[in-house]
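Please look through the model below before reading on. The text then walks through it one part at a time.

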Amino acid sequence: MHKIESKNVNFYYGENQALHDISLSMKTNTVTALIGPSGCGKSTYLRLLNRMNDLIDNTQMSGSILIDGNDIYAKNTNVDDLRKNVGMVFQKPNPFPKTIYENVAYGLRVNGITDKKLIEERVITSIEQVALWDEVKDKLKKSAFELSGGQQQRLCIARALAIKPSVLLMDEPTSALDPISTSKIEELIYELKNKYTIVIVTHNMQQAGRISDTTAFFYMGELIEHDTTKTIFTKPAIKQTEDYITGRFG
Amino acid sequence: MTKEIRLAKKKRRNQKIAFGLFSLISYAVVAILFVILAFIVIKGIGVISWEFISAMPSNGMTEGGIYPAIIGTLCLVLVSMVFAFPVGVLAAIYMNEYVKEGWPKKIIKQMTNNLAGVPSIVFGLFGMSLFVNKMGFGDSILAGGLTLGLLVLPIVIRTTEESLKAVDDTFRQASFGLGASKWETTSKIVFPIAFPNIITGLILSIGRVSGETAPILFTVAAYFLPKLPTSIFDQAMALPYHLYVIATSGTNIEASRAMAYGTALILIIIVLISNLLANALRKYYGKKVKMN
């Protein structure tokens, strides 16, 4: 069974159709890269998976998206529960203006966990999971803004992991980072794959090639091709995909 | 070739003239401010003494001090802020975080802007008919403070809205993404980030409230009161009105001329101190917000 399964998804910003009939499925514990030129709809699609687009006024969606077999756009879906299960990491590192510790604890607290021991345990585990523990263990009570960009991004990933999601959405998580921080995040994604289903939007072809199992190429709001990353990068079935990957446009 | 050089020279010359003009104008603005300040300081510094700020006016307001007017103005600032700050901030939070884009929001916004453009004397009349007469507060600090509060409400709302808008949307999305509710997101993430800037609204309002004369004219200000107010239902003297009185309609205008400048100076100093205080507060919270 697929972890995430979208069928005939259309999405509109007002009159403007941003996604055309997207059907795309992802297996459990895989990394799927969404690639394509700016404005192709890949970020919009990503944001449908945790209903982040609900926050934008005047939008419309049709079709269905199933996660673990449940339609996340069904009337009886609890959006808060969905978002707990589907964590998100953003383009620019955006730690909250809180201490390092409280950044990770925030998600636990808003979900009603008050047991101090449990919170501490989860905070530590999450920070360890993103390989940040050694760097921050002595300054957990310091502001998260004191960390470097790459550390902040890993903290944001820890923040998402703390509430135990099973899916992780990443919207160009390394585009604001230097090469060393980027490679650390990539290694991390490779590790996290064992426990999480990851969907990542990236503009970096090499990155998609390095870290993903399957790659989906979006163009003008349509899903052009979705296959294993190896196939997409070596013998894509559709000429547009090949043109984009070899840098002939986009 | 020479033609091109000539053209380049001409361009450079025009640019120099334009920049020169701009800098001249900016310095002129600063200069005007300093001239006004210097004028008031020079004319008023002579009467400033401990007695001037701590004593009651005496001998037909030509001697003594302006203590009750200072206290009155401070009371008015306090009452108006206690009213306008929470109301304005909550209204702005509601407008910015909860109301969806659309024509009702546009209308409310337009109305808020219009409110900011209403002449202050109109607020005075309104305050008199609503607070003084209809609600029966009489001429009192409460009525005057509320009137002043209404006057600065648009300033508080607008600066709060701007501060909330300046908070990057990904903070909200990250918070929602963790399963936080709208209220948790607003109160625990968005508001603390915006708070240091919201204080700017407070600063502007305090300056405005302490200097306004028209709104207090019919609602609280007393020509002369030999005692301090004891409750918010008492009338009070206030600096801007006192200044008007001793400068235009006192018992002996010539004799109280220097005191008028002294009063103006005190008024400016109060506004300056409140600005400095609010600025310090903003800096303090700006640091603290990253830490809690």
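The secondary structure of chain B amounts to eleven helices and two strands; here helices (H or I, at least four residues) and strands (E, at least two) are DSSP runs, numbered from the N terminus. Along the sequence their order is α-α-β-β-α-α-α-α-α-α-α-α-α. The model is predicted: local features need pLDDT of at least 70, side-chain atom pairs count only at pLDDT 80 or more, and totals for chains, interfaces and linings use all residues. Residues are numbered from 1 along each chain as its sequence is written, while chains are lettered from A and ligands numbered from 1 in the order in which they are written.

The C-alpha trace of chain B spans about 75 × 65 × 40 Å along its principal axes. Its radius of gyration is 24 Å, whereas a compact globule of 292 residues would have one near 19 Å. That radius is taken over C-alpha atoms, and the globule rule is 2.2 Å times the number of residues to the power 0.38.

An unreviewed UniProt entry gives the annotation "transmembrane region" to residues 21-46, 66-94, 115-132, 138-157, 189-207 and 258-281 of chain B. UniProt positions are given in the numbering used here, feature names are shortened, and annotations may be inferred rather than shown by experiment. Residues 21-46 of chain B are 92% helix and 0% strand, with end C-alpha atoms 38 Å apart. For residues 189-207 of chain B the figures are 100% helix and 0% strand, and the end C-alpha atoms lie 29 Å apart.

Next come the helix pairs of chain B. Helix H4 (residues 103-117) of chain B packs with helix H6 (residues 141-165) of chain B at an angle of about 135°, their axes 8 Å apart. Axes are lines fitted to C-alpha atoms, for helices over the stretch in contact, and angles run from 0 to 180 degrees between N-to-C directions. H4(B) is therefore oblique to H6(B); angles under 35 degrees count as roughly parallel, over 145 as roughly antiparallel, 65 to 115 as roughly perpendicular and the rest as oblique. The crossing of these two, H4(B) and H6(B), is left-handed, meaning that the near helix is turned anticlockwise from the far one by less than a right angle, and right-handed if clockwise. In this pair, Thr112(B), Leu115(B) and Ala116(B) of H4(B) meet residues of H6(B) including Pro154(B) and Arg158(B). Two residues are in contact if their C-beta atoms, placed from the backbone, lie within 7 Å.

H6(B) also packs with helix H8 (residues 182-211) of chain B, at an angle of about 150° and with axes 8 Å apart. H6(B) and H8(B) are therefore roughly antiparallel, and their crossing is right-handed. The contact of H6(B) with H8(B) has ten nonpolar, seven polar and one charged residues. In this grouping Ala, Val, Leu, Ile, Met, Phe, Trp, Tyr, Cys and Pro count as nonpolar, Asp, Glu, Lys and Arg as charged, and the others, Gly among them, as polar.

A further partner of H6(B) is helix H3 (residues 67-98) of chain B, at about 35° with axes 6 Å apart. H3(B) and H6(B) cross in a right-handed manner.

Chain A contributes 23 residues to its contact with chain B, and chain B contributes 20 residues. On chain A, the elements giving two or more residues are helix H2 (79-85), strand S6 (86-89) and helix H3 (100-110).
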